[in-house]
Amino acid sequence: MHLFLFLYELLQRLIHYLFSPRPPLSAQYASSHAQLRVAIIGAGLTGVSSAAHCIGHGVDVVLFEKGGKDNLGGIWTKVNDTSGLQINSLMYRFHPDVTWHTGYPTRSSIVREIRHIWTKYDLQPKTRFDTDVKRVSRSPHNYNKWIINNNPDEEFDAVIAAIGTCGEPKMVHMPGMEKYKGTLVHSSELTKRAVDVYSKEVAVVGGGASAVEALQYCVDKGAREIDILARSDKWIIPRHPLIDALISLQPFGHETVFSFIPEFLLRTFFYRDLKSIAPPPGGKGLFSSTPMVNSTALELIRQGRARWLRGDIVSVEEDGIKFIRRAQGIPKGGSGHPMKVECDAIIMATGFHRPSLHFLPEGLFTEEYMPPAWFLQTWSPNEWSILANNCTFVDAIGTAGHFHIGIYTRILIMYLKDPRTRPTIAHMRSWVDRTNWFKNGPPGQLLNFILPGTNDNSGKEKEETGNSGFGFFTYGELLAWFVEFMLLSWTRIGWIGFVLCDNHLLQFTAKYKMSKRAADDTSDLALKNGSRAAGVDADGDQGMGEFEDQWEDEFESEEEYVEAGEDGMDVDGEEEEEQIEETEVWLPNKKLGKDEVLEADQSVYEMLHTMNVTWPSLSFDVLWDNLGEERSTFPATTYLVTGTQAAKPSDNEITIMKLSSLNKTQVHDEESDDEDEAEEGDPIIEHRSIKTNTGTNRIRATPKTWSQNHLVATMMESGEVHIFDIEPQFQSFDVPGAQLLGAQAPLHTIKSHGRTEGFAVDWHPTQPRLLTGDCAGKIYLTSRNDAGQWSTTGPFTGHTASVEDIQWSPSEPTVFASCASDGTLKIYDTRSKTKKPALSIDAHPNTDVNVLTWNKRVNYLLATGADDGRFSVWDLRTFGKGKTPEPVATFKWHTAPITSIEFHPTEDSVLAVAGADDQVTLWDLSVELDAEEEAGRRELAKAGGMEVPSQLMFVHQGQEQIKEVHWHPQIPGVVVSTAGNGFNVFKTISV
């Protein structure tokens with residue numbers, strides 16, 4: 001280990017030991033022992049850190065996150081895989097327990113540390129994903145409490161808004177861009193879409209941090225020529241921890257008479273021969289807007305691998321951009337040299353929209369005090385109990401992810417625990433006015449009086465941030481605010497060790513009992529939830545600027561909705577409108593008579609929909625979504641991915657589908673008074689496709705547990721296994737303005753199987769690892785490293801015939817099971833050097849074992865289905881004990897080969913089975929009939945001439961050549977099946 005990294009590790013351990021708040025024994029313990037409760041909105045870096053500090057200091061929290069669990073980590077879960085810190089990690093310690101192993105960690109490392117804090121402080125039961133906070137208001141029962149989304153049954157003592165400053169990507173509009181024939185993509189989607197820029201001319205629109213990141217991506221991917229089109233001047237400072245720290249510790253927070261010193265040094269020793277790129281002397285000052293931190297951009301320009309063009313975009317042409325190039329010192333819109341930048345691809349490095357704080361009470365926003373001109377930049381002067389942590393600033397030199405997050409949170413905790421420390425409205429307004437006066441420039445202000453000419457650049461600062469001096473600050477200034485705030489009040493001095501150092505040993509103030517909020521805290525301004533406060537835009541935006549360079553209006557495009565029946569696809573809601581006078585229960589051994597047909601009994605379905613497709617699919621998978629877990633309301637929405645088996649190879653494709661408006665089954669009962677009757681309306685199908693030119697034998701999608709993008713692995717008839725990123729197609733259903741590229745190549749292709757096709761594919765439940773098995777009996781393991789590179793090892797051997805199915809253990813990360821046409825079930829451990837099975841049994845002698853499923857709730861139970869129509873349930877605890885294992889249970893109901901089997905994701909005794917006899921059966925292995933039920937079963941068997949197992953709960957028919965069945969992991973009880981004549985989506989009353 002490098003000496004510096006070794007010392008850095010020791011320093012981090014010391015910080016952790018001295019300053020990390022101790023996590024509670026459990027979330028339940030924390031909740032039961034906490035007297036205070038805080039609502040935290042946003043589960044990004046700031047929200048998780050704030051929640052951990054609260055929990056560590058005995059304050060209970062509820063963490064509200066608009067997105068799903070994959071959004072845990074905020075903006076870092078949405079940027080490119082190649083993104084990482086530009087500043088040194090010494091300046092990115094958002095929690096004392098963070099441990100960095102490099103000076104400049106990558107996106108994946110940052111997300112991992114955020115989730116480590118979330119796990120360590122047991123925040124999972126306190127986090128509510130897929131919860132969009134639309135309103136924070138006072139409790140109708142207690143004026144001193146807050147409620148979320150008008151829920152009066154849950155009150156909070158305080159609220160922390162932690163929504164950050166970067167929201168959705170900002171795809172701005174440029175005249176004529178609809179005519180452009182090349183690739184046009186936002187910089188945040190480069191790795192998600194695997195944008196190909198090899199040997200191409202690329203124009204990067206924007207001159208901020210995103211532009212530099214896009215530049216590096218293009219260089220790494222072999223772009224032939226790169227032009228950065230920057231509309232405004234922006235300082236670039238070197239990627240050096242000492243230099244960056246010194247600049248950020250400037251204590252005044254704006255330009256001073258001494259600002260020329262670091263600017264001169266940067267031009268002389270960093271820009272050198274590229275001074276024309278730097279803001280000119282007398283132009284934009286270093287301490288007036290956020291600089292870029294990068295050491296390679298100038299070198300790439302110096303080497304001729306890129307050009308930096310300052311100017312204005314006129315329009316976009318079919319093959320490039322018309323541009324007015326301006327000389328140094330010429331302002332935006334000024335005169336310049338017309339030119340055309342020819343390019344094969346345009347990357348819009350135009351930043352992100354700033355999330356709005358419109359959900360906060362309107363009384364927080366007044367014309368005189370709009371963010372960032374708030375108390376300590378994060379509290380409205382009108383209310384101390386709502387903290388906008390890390391989401392109001394516009395420009396700064398420092399870092400958004402440092403220990404100030406914890407300081408702000410501990411100040412709020414101090415307010416809650418000691419009412420004497422709370423500032424009055426008059427005090428907070430006075431602080432804002434005084435600080436704004438100090439920062440906002442000449443003439444005759446205090447600093448100018450002491451150091452004449454200090455604020456000479458303040459006029460340029462106003463150009464960027466308006467009349468508020470809070471438009472820019474430095475980290476040194478922020479620390480000065482904290483120290484001043486704590487020292488200038490005798491009631492807060494005793495808390496200074498706790499607030500600034502997070503150290504209880506330095507806190508010598510006694511603990512105070514909670515008291516009601518002082519009357520003068522709210523006497524100056526009542527927070528009303530009625531009409532909009534002055535100064536608040538009609539669209540809910542609180543008047544804050546956009547992040548990074550803003551060119552023009554954002555680009556938006558309407559979503560594409562394909563109504564049922566288009567493009568050879570159709571969705572029909574199956575409804576029973578006519579009452580059949582004479583009906584009887586059909587059993588599989590009974591032949592249909594003349595004029596007899598099978599009709600579904602609609603009364604036993606909560607939902608039943610059929611979908612016809614152009615080409616049949618042997619395999620499909622259910623895609624995870626962010627619509628919520630354990631959904632039970634209708635109409636339902638689901639996303640699927642499937643691969644086709646078309647008549648002509650060139651017609652084959654991967655199809656990504658969104659099925660929405662899936663209403664409950666209509667059972668017309670004149671005597672029914674049920675007011676909750678399902679809504680009428682046709683289901684809707686939308687689909688996207690990726691050409692494959694060969695049939696798909698098996699397709700599997702990555703789980704939500706580790707994959708932030710939707711990846712799919714496809715086992716092709718050709719023997720190749722393709723890994724595709726279908727995130728762009730998935731997002732295009734619901735994200736306005738999302739654009740799809742043309743033909744899409746796979747992220748990776750596994751060629752280890754040669755020309756031998758196969759049917760066995762499974763993704764690891766917690767790691768980026770993929771198992772594939774072929775008809776030659778070989779199994780290969782493919783893994784992805786932190787750099788995004790794929791590698792394949794193997795083969796694992798032992799089967800003497802085609803590997804038919806394969807599945808990872810839900811609990812042992814290195815263990816998997818496989819079944820084959822040799823009649824065996826085998827258990828492997830990937831750590832084995834021999835790559836031979838650790839256990840093997842003849843599960844179904846003398847017949848093929850087609851499918852298997854591992855119980856995710858009871859991890860020692862596994863089920864297999866065979867060619868003879870039998871399926872068996874196995875207890876793995878009986879394996880390897882010197883005798884031949886016997887199945888726990890074996891069922892022979894199906895009259896043809898079992899084609900699919902799957903345990904219910906949450907009910908450990910329930911499983912679905914599909915067979916070539918055109919049946920999907922649902923089973924509950926825990927059922928034991930009482931005497932009356934057993935008699936009824938025998939009567940039914942006598943009438944039908946066959947035995948009906950008591951564990952058989954439901955028989956679903958109506959499809960021909962059923963190939964695969966899956967439970968929906970997020971809608972309990974919903975089953976999806978594919979067959980030669982299309983798909984069924986249904987939910988029964990039995991499960």
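What follows is a short exchange on the chain, its helix packing and some backbone details.

Modeller: This is a predicted model, where local features need pLDDT of at least 70, side-chain atom pairs count only at pLDDT 80 or more, and totals for chains, interfaces and linings use all residues. Residues are numbered from 1 along each chain as its sequence is written, and side-chain values use heavy atoms, with hydrogens and water left out.

Colleague: What share of the chain's residues is buried?

Modeller: Buried means under 20% relative accessible area, exposed over 50%, partly exposed in between (1.4 Å probe, protein chains only). The chain has 991 residues, with 17 helices and 47 strands. Helices (H or I, at least four residues) and strands (E, at least two) are DSSP runs, numbered from the N terminus. The buried share is 55%.

Colleague: Among contacts between residues at least 6 apart in sequence, what fraction joins residues at least 24 apart?

Modeller: Contact means heavy atoms within 4.5 Å. Counting pairs at least 6 apart in sequence, the part that joins residues at least 24 apart is 66%.

Colleague: Is H3 roughly parallel or oblique to H4?

Modeller: Helix H3 (residues 45-56) and helix H4 (residues 107-120) pack at about 30°, with axes 9 Å apart. Axes are lines fitted to C-alpha atoms, for helices over the stretch in contact, and angles run from 0 to 180 degrees between N-to-C directions. Angles under 35 degrees count as roughly parallel, over 145 as roughly antiparallel, 65 to 115 as roughly perpendicular and the rest as oblique. So H3 is roughly parallel to H4.

Colleague: Which residues of H4 do Leu 45, Val 48 and Ala 52 of H3 meet?

Modeller: The H3-H4 contact has 6 nonpolar residues, no polar and no charged. Ala, Val, Leu, Ile, Met, Phe, Trp, Tyr, Cys and Pro count as nonpolar, Asp, Glu, Lys and Arg as charged, and the others, Gly among them, as polar. On the H4 side, the partners are Ile 114, Ile 117 and Trp 118.

Colleague: How does H3 lie relative to H9, roughly parallel or oblique?

Modeller: H3 and helix H9 (residues 404-417) pack at an angle of about 45°, with their axes 9 Å apart. That angle makes the arrangement of H3 to H9 oblique.

Colleague: How many nonpolar, polar and charged residues does the contact of H3 with H9 have?

Modeller: From H3 come Leu 45, Thr 46, Ser 49, Ser 50, His 53 and Cys 54. From H9 come Ile 405, Gly 406, Thr 409, Arg 410 and Ile 413. By class, that contact has 4 nonpolar, 6 polar and 1 charged.

Colleague: Is Thr 46 buried or exposed?

Modeller: Thr 46 sits in helix H3. Leaving out residues up to four places away in sequence, Thr 46 touches Ala 162, Asn 389, Asn 390 and Ile 405. Its relative accessibility is 7%, so Thr 46 counts as buried.

Colleague: Which residue does a cis peptide bond join to Gly 794?

Modeller: Most peptide bonds are trans. Here omega is about 10°.

Colleague: What is phi of Arg 272 near?

Modeller: Most residues other than glycine have a negative phi. Arg 272 is in the loop between helix H7 (260-271) and strand S11 (292-293). At 40% relative accessibility, Arg 272 counts as partly exposed. Its phi is positive, near 50°.
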